[in-house]
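Please keep the sequence and the model in view while reading.

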Amino acid sequence: MQVVDQTDSALRAAAELVREVPDFPEPGVLFRDISPMLADGPALAAVVGALGRDYRFDVVAGVEARGFLLGAAVAQAAGTGVIGLRKPGKLPEVADRVDYTLEYGRATLELPAGTLRAGQRVLVVDDVLATGGTLGAACRLVRQAGSEVAAAAVVLELTALEGRDKIAGEEIRALLSV
């Protein structure tokens, strides 16, 4: 696992907590589990601080589900609000939705009504950048609401899947890569 900022010893220590789980969610897939990292106070603090560092934003959009945890922490640290981008059927009112492709099929993200205002600068936060489908859909939802994507920030990028290439034009920060 490569730590993007090798000078950050706290991120290097956090990276050691990422667990590899073979054959999950299906045979042949090597899942990177960040749960132990999230459960460790100093590691979580290092990750949260690094995700929002150097960006100017008005609100954080966290992508279901681990992006909710990270996004809320980043928003709290920055003194902003947080919006949860949800899977279908979870919201009483939907402002917009985007269908997209991911590693194992198709999915949909929805934006809760009454949460984003035109012109807001949004930091999109998720746990992993894999094929780019989820992160790309989240950025599209933000733009369709008339808001601006300040950047997209993730804990881990799976570089072999070339997701970054599929959402070209977005500023993306990945703290770790494999």
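Helix α5 is mostly covered, with 9 of its 12 residues buried (buried means under 20% relative accessible area, exposed over 50%, and partly exposed in between, with a 1.4 Å probe and protein chains only). This is a predicted model, in which local features need pLDDT of at least 70 and side-chain atom pairs count only at pLDDT 80 or more, while totals for chains, interfaces and linings use all residues. Residues are numbered from 1 along each chain as its sequence is written, and side-chain values use heavy atoms, leaving out hydrogens and water.

Helices (H or I, at least four residues) and strands (E, at least two) are DSSP runs numbered from the N terminus. The buried residues of α5 include Gly133, Leu135, Cys139 and Val142. Among the elements that cover them are β4 (59–63), β6 (94–102) and β9 (148–157), where contact means heavy atoms within 4.5 Å. Just after α5, Gly146 takes a positive phi of about 85°.

The structure also holds 10 salt bridges, each a side-chain nitrogen of Lys or Arg within 4 Å of a carboxyl oxygen of Asp or Glu. One of them joins Glu170 to Arg143, with the closest N and O atoms 2.5 Å apart. Because Glu170 lies in the loop between α6 (163–166) and β10 (172–177) and Arg143 in helix α5, this pair ties together parts that are 27 residues apart in sequence. Arg143 is partly exposed, at 41% relative accessibility.

Another salt bridge links Arg164 and Glu157 at 2.7 Å, N to O. Here Arg164 is partly exposed at 32%, whereas Glu157 is buried at 8%.
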